Amino acid sequence: MLVFAGIAADLLVRGGALDVRFLVEAPSRSGRAGGIGPILVSTAAILAICIAVCAPLGVAAALLLSEWRGRGLAAGRVIGLSLDVLAGVPSIVFGLFGSAFFCRTLDLGFSLLSGGLTLACMALPLVARTAEAGFRAVPLEYRAGAAALGLSRAAVARHVTVPAAMPSILAGLALGIGRALAETAALLFTSGYVDRLPGSLWDSGRAMSVHVYDLAMNVPGGDPNAYRSAFVLIVMILAIQVALQGGLGAWARRRWHVA
Amino acid sequence: MSPEHEVAIETIDLSVAYSGRPALCGVSLPLRRGKITAVVGPSGCGKTTFLSALNRLTDLLPGCLVSGSVRVAGREVLDSAVLLPWLRSRVGMIFQKPNPFPISVRRNLLLAPREHGLLGNDRGEGLLERVLRQVGLWDEVKDRLDLVATRLSGGQQQRLCIARALALEPEVLLMDEPCSSLDPLASGVVEELIASLRGRYTLVVVTHNLPQARRIADDVAFFWARAGCGRLVESGPAAQVLESPREELTSAYVRGMRG
């Protein structure tokens with residue numbers, strides 16, 4: 001908490017005053033002046049794509065690993081191993097993979113779609129492994145009880161295991177989103193760094209962290225806005241963590257009364 | 001055979017082994033329809049294993065091998081062609097620790113009937129009230145049907161689990177020490193409930209509690225482990241087995257000298 005407060009304070013001091021105009025205006029003179037409006041939009045779009053893809057895939061992989069393991073032991077092991085390897089791959093490699101696969105092979109070009117999908121690959125292991133741990137923590141009594149009622153595994157997963165593990169799924173999602181929002185390298189090659197407002201998901205767009213990187217490294221005199229953008233970014237990450245882990249997590253715990 | 005002695009479920013030379021280690025050896029036991037059979041014996045004598053083999057909950061345990069024969073309504077249920085949802089809706093099970101799902105009282109009761117297609121377009125209100133009245137829980141929870149079931153007291157949870165099993169209209173109910181995790185008061189209520197189900201259902205109740213067996217059982221089956229493997233020592237009408245047992249071992253056990 002202290003470290004976080006320190007970083008936030010430092011960014012505020014160096015960045016100077018922050019107002020609503022900064023959040024909605026388009027950047028001008030390569031970001032030295034103006035705001036970050038279009039960049040927030042691009043970031044939101046990339047994040048939405050990332051979540052839409054990695055949440056269902058991650059939960060499905062976790063279910064496969066924890067609930068269906070008995071049958072397909074070999075398949076389970078291969079998937080588990082792939083997830084662990086994926087978790088250890090440097091982000092620049094994801095960037096190159098995304099550039100080659102999503103941009104070229106699938107012909108999505110430099111676009112928000114390519115960026116979001118690349119981030120989904122990166123966040124997948126975090127989401128899947130955290131959700132899997134959550135599924136494994138669901139008491140065996142529920143499974144035995146469900147089996148004794150003649151319920152199918154799919155029904156048990158849908159009505160019992162997934163709701164009971166909801167706090168873990170949300171925590172995994174929060175971790176994945178944190179990693180995705182912090183990502184620069186993987187996005188440089190996939191969603192690009194054009195700082196105008198994207199017209200569609202097939203358009204190129206600049207994410208927050210790419211913006212911070214660009215202002216800090218490539219734009220002389222871009223520092224104040226880099227600091228301001230960085231401040232907005234960490235507040236965003238904090239807000240999402242609090243919302244997912246705190247608010248929604250507590251709601252899920254209340255809703256299903258699980259630990 | 002007179003209807004009174006009609007057999008609802010019967011095992012013939014039933015043996016169970018866990019990963020090659022025998023746990024239950026050659027149990028042949030007919031269970032009379034509409035009667036309460038208490039399965040008694042010391043810990044580790046295969047009582048729970050016997051119970052789990054009757055509705056094939058043993059299928060859940062990897063490495064568990066069941067041989068011999070279990071007949072429900074004259075049908076061999078160890079046959080792999082038997083559909084588990086069918087078997088388990090005919091033969092319900094109540095566990096030692098109450099295990100309602102962490103969802104509402106209503107959904108706990110209606111989940112299985114809905115999955116088994118027993119409800120059709122019916123919203124299940126009638127079924128809900130009927131099974132809750134059957135277990136004496138209706139007046140206690142009728143205003144709290146949307147409460148998460150794990151918030152009920154232990155005794156209420158156990159009665160809810162019994163109601164959940166009754167909602168599938170089973171013929172046989174297996175109960176694995178249904179009162180042993182409850183306080184004396186709740187235990188008494190559940191015991192009375194079990195006694196009230198006599199006649200309509202065939203009940204098999206595993207218990208450590210001999211006074212309880214005396215109070216509720218029509219028939220008693222006494223198990224004992226010999227050479228690490230649970231065997232049926234003696235079975236018959238409760239009065240005979242508990243008061244004037246044929247076997248030396250049974251006599252020692254019911255007098256509290258062994259086990």
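Guide: Happy to. On a 1 Å grid over the protein atoms alone, a pocket is an open set of points with protein on both sides within 12 Å along at least five of seven lines, while a cavity is a set of points where a 1.4 Å probe fits but cannot get out; lining residues have an atom within 4 Å of a point. Points are joined across faces, edges and corners, and a volume is the space filled by probe spheres set on them. This is a predicted model, where local features need pLDDT of at least 70, side-chain atom pairs count only at pLDDT 80 or more, and totals for chains, interfaces and linings use all residues. Residues are numbered from 1 along each chain as its sequence is written, chains are lettered from A and ligands numbered from 1 in the order in which they are written, and side-chain values use heavy atoms, with hydrogens and water left out.

Visitor: How much space lies in the largest pocket, and which residues lie nearest its centre?

Guide: The largest pocket holds about 1500 Å³ of space. Its lining has 41 residues, and nearest the centre are A:Ala147, B:Leu57, B:Asp59, B:Leu60 and B:Leu61. Helix 7 (140–148) of chain A and strand 4 (64–72) of chain B are among the elements giving two or more residues. Helices (H or I, at least four residues) and strands (E, at least two) are DSSP runs, numbered from the N terminus. Helix 7 of chain A gives the most, 6 residues.

Visitor: What kinds of residue make up that lining?

Guide: Ala, Val, Leu, Ile, Met, Phe, Trp, Tyr, Cys and Pro count as nonpolar, Asp, Glu, Lys and Arg as charged, and the others, Gly among them, as polar. Here that comes to 18 nonpolar, 11 polar and 12 charged.

Visitor: Let's follow A:Ser209. Is A:Ser209 buried or exposed?

Guide: Buried means under 20% relative accessible area, exposed over 50%, and partly exposed in between (1.4 Å probe, protein chains only). A:Ser209 counts as buried because its relative accessibility is 7%. This serine lies in helix 11 (residues 208–217) of chain A. In helix 11 of chain A, 7 of the 10 residues are buried, so the helix is largely enclosed by the rest of the structure. Contact means heavy atoms within 4.5 Å. Leaving aside neighbours within four places in sequence, A:Ser209 has contacts that include A:Leu181, A:Thr184 and A:Leu233.

Visitor: How does helix 3 of chain A pack with helix 6 of chain A?

Guide: Two packed helices are described by the angle between their axes and the distance between the axes. Axes are lines fitted to C-alpha atoms, for helices over the stretch in contact, and angles run from 0 to 180 degrees between N-to-C directions. Helix 3 and helix 6 (residues 112–137) of chain A pack at about 35°, their axes 6 Å apart. The residues of this contact divide into 23 nonpolar, 5 polar and 4 charged.
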